Amino acid sequence: MTDVPDRHRRLARSLVPLPEESLPGFLLRLAHRLGRSPGRVAGLCGLAAYERRPPAYHLIGLPDDIAAAFAATTRLSRTEVNDLTLRRYAATYPALAKAQMDSKVNMVAQREYWAFNASSRYCPECLSGDRSPVQSAHGGPWKLSWHLPVVFACPLHHRLLEVVCPKCGNVLGGASQNRGSLIRQPQRDGLHPLQCRNPMPEGSFAPGRVAHQEACRARLDMAPQTSGSHLPTEERARMITLQERLDRWLAPGSIEPAEPSAGEPGGPFTDLILAAQLIKLSWPAGADLAPTPATAALIDAHATPITAALDTPKPTTSKYLRIPELWPAPTDPAACGALLLAADTLLSTHESASLRERVQPLVQAAHERAPKRAYTMLRDAEISAPLARSLVRRRQIFHAGGSSRGPGRLRVPSRDCCFSPEEVPQLLPQAWFDDHLAHLIDHMQQVNSWTARHLRRAASLKLMEMTAGGTWAECAKTLGTLRGSVVRTFDVLGRAIPGNLWEEFEAGVERIAAELDSNPNRVNYARRRQSIATWRMPAPDWPELCNGIPKLGRLARQEPHLATVLVWAEVTQSEHLNCPLLATPALAGQDRKLLVDQVAQFLTPAHQKAGRLELRRRLDLYAARLAVQCDSALPGSFGQGTSTASADQSAVGEV
C-alpha cells in the first residue's frame with residue numbers, strides 16, 4: 001500500500017537531482033525523460049493543482065503539503081526537494097527573507113528586493129554537462145544559484161553568465177513575460193531541456209487541442225560568449241574573483257569570519273546590495289568607484305537611462321512615477337558584475353572615517369536627485385553598523401537623521417561602546433569636563449559663566465549618541481533632558497564654537513568614552529534616577545547640614561526643598577530642572593519658580609564663596625554617601641523622608 005493520493009501516484013521513472021540543480025531545471029529534465037510536457041509533469045507532482053502552469057513563486061520554496069506530494073511522486077527525499085528551491089540559500093542570502101513562503105507573491109517586488117530572478121542566467125559549458133550518459137541525454141544542470149541576482153559569473157569555466165538566447169535575443173522566460181510561470185510555455189512538449197522555450201515573435205501556432213506559439217528552439221549549451229565579451233581579460237578576472245567570494249558567502253554556514261559585516265544582521269549581502277543601489281541612484285557621483293573605464297561604461301549604460309528619467313522634470317499634476325529598472329539588479333550579467341564590483345570597492349575600507357568619506361557624497365547626491373526614493377531605499381535596510389554610521393547625515397558632529405525621519409536602522413550607535421545608555425549621565429560630571437573639555441573654553445567666543453554647563457550637556461548627548469544612536473532630540477529624550485534646554489545649548493554653542501573646534505570637542509568626548517569603556521566600575525545613572533525619584537531631604541538633616549555655617553541667613557531657614565534638588569542633581573549627575581520634585585502637584589507654580597531661581601543662584605559660580613561654598617561642600621559629601629546607598633539598594637527603596645543614616649553613622653554626622 002502507498003500513502004500517496006491517487007492524483008499524485010509515483011511516476012514510473014524519475015531522476016536523481018544534479019548537484020546545485022534548480023526546480024525548473026529538474027522539471028525540464030524529468031519531462032524530457034518521460035516524454036511529457038513540463039506542465040503535465042508539474043501537475044502530476046502537485047505543483048499546478050489549480051493552474052495549468054507551475055507558478056514561479058514555487059522557486060522560493062514549496063509549502064509543506066506540496067513538497068511532500070512532490071517528494072513522494074518523484075521518489076525524492078524532502079531534503080532533496082527543498083534543495084531544488086531557494087530555501088537552500090535562505091540562511092545565507094537575507095534578501096530571500098522578504099519573499100513570502102507558501103503563498104503567491106508579487107514577482108516584481110521580489111526583483112526589487114534582489115530576492116531572485118524568475119528567469120535564469122546560464123553558463124553554456126555547465127549546461128553541456130559532464131558527458132555522463134544521463135547528462136548527455138538530458139543535459140547538465142540549470143543551477144539554482146543562477147536565479148540569484150548576485151550570481152553573474154561561472155568561476156568553474158572562468159566566464160560571465162549569459163542571460164539572452166543567442167537566436168531570438170530575448171531573456172529566457174520569466175515572470176515579466178509569462179505571468180509568473182516557473183517554466184516558459186510549460187504545456188509545450190518535444191523540446192530538449194537545453195532548448196530555448198521563448199516564443200518566436202512571428203511564429204505560428206501548433207495545431208491541437210491547445211494552441212502553442214512556435215518556440216525558438218535554439219540550443220543554449222552551444223551559445224557563444226556574448227556577456228562581457230568586449231571586456232579586457234583583467235576586467236573579467238576581477239568580476240570572477242568577486243563572484244568566487246560571493247559564492248563562498250552563499251554556501252551554507254561558510255560566511256568568511258574575516259568579513260567585517262559577517263556577524264551583522266544579514267551578513268555582507270545587505271551592505272553590498274544597498275551600496276549598489278546607492279551607486280545607481282547617485283550615478284555618476286560614484287563613477288570613481290569603478291576600477292576601470294570599462295566597468296564604469298557598463299554601469300553608465302545601465303544607470304544613465306534611470307538617472308535621466310529621475311532628472312527629467314515631471315508635471316506638477318503627475319503622480320509618483322514608476323521607473324522599472326530603478327531598484328532591480330541589472331539584467332545583463334556584465335553590468336550586474338560591474339555594479340557589484342563598484343559596490344565592493346565602496347565597502348572595501350574597514351576604517352569608519354574613510355567609509356563615511358566615500359559614502360556621504362553618494363548619499364547627498366541621491367537625496368538631491370530623489371529624496372523620497374532615497375528615503376525609501378534606506379528606510380528598512382538591515383545593514384551593518386559601520387555602513388549605517390557612514391550613511392547618517394550629521395549636523396556639526398551630531399546625527400542629523402534617525403529612526404523617526406530616516407532609515408529604520410540609522411538610529412545606530414556612532415561607535416562600538418562597552419558602556420550602556422543607562423551609564424550616561426544627563427550632565428557630564430565636572431571632573432570629566434575638567435580633564436577633557438575645559439581647555440576648549442579658551443578658544444571659544446562669547447564665553448560666560450554658563451558656557452561650561454552647555455558643553456557638559458552637549459557632551460552627555462554625544463555620549464548617548466555613541467552608545468544608543470539617534471538624533472540629539474532622541475538622545476535628550478532617552479536621557480530625560482528637557483528639549484528646550486538642549487535647543488538653547490545648541491544655539492549658544494553654535495555661535496560660540498568655531499567650525500574646526502567641533503572636531504576637538506568630539507575628540508574630547510571620544511577620550512571620555514574610551515575611559516568609560518575601560519572602567520569596570522561604571523555608575524548606572526538611570527538606576528540612580530529611578531531609585532531616588534521620590535526621595536526628599538529629611539527634615540532633621542537640613543538644620544544639621546546648615547549648622548555652624550555663618551552668613552546663610554534666610555537660606556538656612558527655608559524648607560529643605562533646595563537641598564532636595566541640589567542633592568538629587570549631584571547624586572544622579574543631572575540637570576536640576578529635571579528633578580522630580582519640581583514636577584510634583586504639591587509645588588505650586590509660584591513656589592516652583594521661586595525654587596528654580598534659588599537653585600540657579602546657588603549654582604552660579606560667582607556665588608560659590610563663603611558660607612554657600614561650605615554648604616555646597618557639605619551637600620556634595622551628603623550626596624556621595626547617598627549615592628553609595630543608592631547603588632547598593634533595590635530600585636525604589638528611597639522615598640519620602642529617607643535619611644542617609646547607615647549602621648555606622650550618618651553622612652550628616654560626618655559633616
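**Briefing: helix packing, cores and selected residues**

Helix 11 passes helix 12 in a left-handed crossing; a crossing is left-handed if the near helix is turned anticlockwise from the far one by less than a right angle, and right-handed if clockwise. Helices (H or I, at least four residues) and strands (E, at least two) are DSSP runs, numbered from the N terminus. The model is predicted: local features need pLDDT of at least 70 and side-chain atom pairs count only at pLDDT 80 or more, while totals for chains, interfaces and linings use all residues. Residues are numbered from 1 along each chain as its sequence is written, and side-chain values use heavy atoms, with hydrogens and water left out.

**Overall composition**

- The protein contains 27 helices and 6 strands.
- Of its 655 residues, 53% are buried, where buried means under 20% relative accessible area, exposed over 50%, and partly exposed in between (1.4 Å probe, protein chains only).
- Among contacts between residues at least 6 apart in sequence, 72% join residues at least 24 apart; contact means heavy atoms within 4.5 Å.
- The protein exposes about 29400 Å², and carbon and sulfur atoms supply 52% of this area. Accessible areas come from the Shrake-Rupley method with a 1.4 Å probe; for residues, only the protein chains shown count as cover.

**Helix 11 and helix 12**

- The axes of helix 11 (residues 293–311) and helix 12 (residues 333–346) come within 8 Å and cross at roughly 110°. Helix 11 is therefore roughly perpendicular to helix 12.
- Axes are lines fitted to C-alpha atoms, for helices over the stretch in contact, and angles run from 0 to 180 degrees between N-to-C directions. Angles under 35 degrees count as roughly parallel, over 145 as roughly antiparallel, 65 to 115 as roughly perpendicular and the rest as oblique.
- On the helix 11 side, T295, L298, I299 and H302 meet A334, A335, A338, L339, L341 and A342 of helix 12.

**Helix 17 and helix 20**

- Helix 17 (residues 451–468) and helix 20 (residues 501–518) have axes that come within 10 Å and cross at roughly 60°. The two helices are therefore oblique to each other.
- The crossing of helix 17 past helix 20 is right-handed.
- Helix 17 contributes L455, A458, A459, K462, L463 and M466 to the contact, and helix 20 contributes F505, E506, V509, E510, I512, A513 and L516.

**Nonpolar cores**

- The largest nonpolar core has 116 residues, of which F70, Y93, V150 and L340 touch the most other members. A nonpolar core is a set of buried Ala, Val, Leu, Ile, Met, Phe, Trp, Tyr and Cys residues joined through side-chain atoms within 4.5 Å.
- Apart from this core lies another, of 33 residues, among them A459, V486, L501 and W502.
- Leaving aside neighbours within four places in sequence, Y93 is in contact with W114, A115, L148, P149, V150, L250, F269 and I273.

**Backbone features**

- W114 has a positive phi of about 60° although it is not a glycine. W114 lies in the loop between helix 5 (107–112) and helix 6 (124–127) and, at 0% relative accessibility, counts as buried.
- E20, also not a glycine, has a positive phi of about 70°. E20 lies in the segment before helix 1 (23–34) and counts as partly exposed, at 36% relative accessibility.
- W283 and P284 are joined by a cis peptide bond, with omega about 10°. P284 is placed in the loop between helix 10 (267–282) and helix 11.

**Selected buried residues**

- A366 is in helix 13 (residues 352–369) and counts as buried at 1% relative accessibility. The C-alpha atoms of A366 and L278 are separated by 7.1 Å, although these residues are 88 residues apart along the chain. Not counting residues up to four places away in sequence, A366 touches L278, L281, S282, P371 and A374.
- S485 is found in helix 19 (residues 483–496) and, at 14% relative accessibility, counts as buried. Leaving aside neighbours within four places in sequence, S485 is in contact with R457 and L577.
- Y622 is in helix 26 (residues 610–632) and is buried, with a relative accessible area of 0%. Y622 and D541 are 81 residues apart in sequence and 9.8 Å apart in space, C-alpha to C-alpha.
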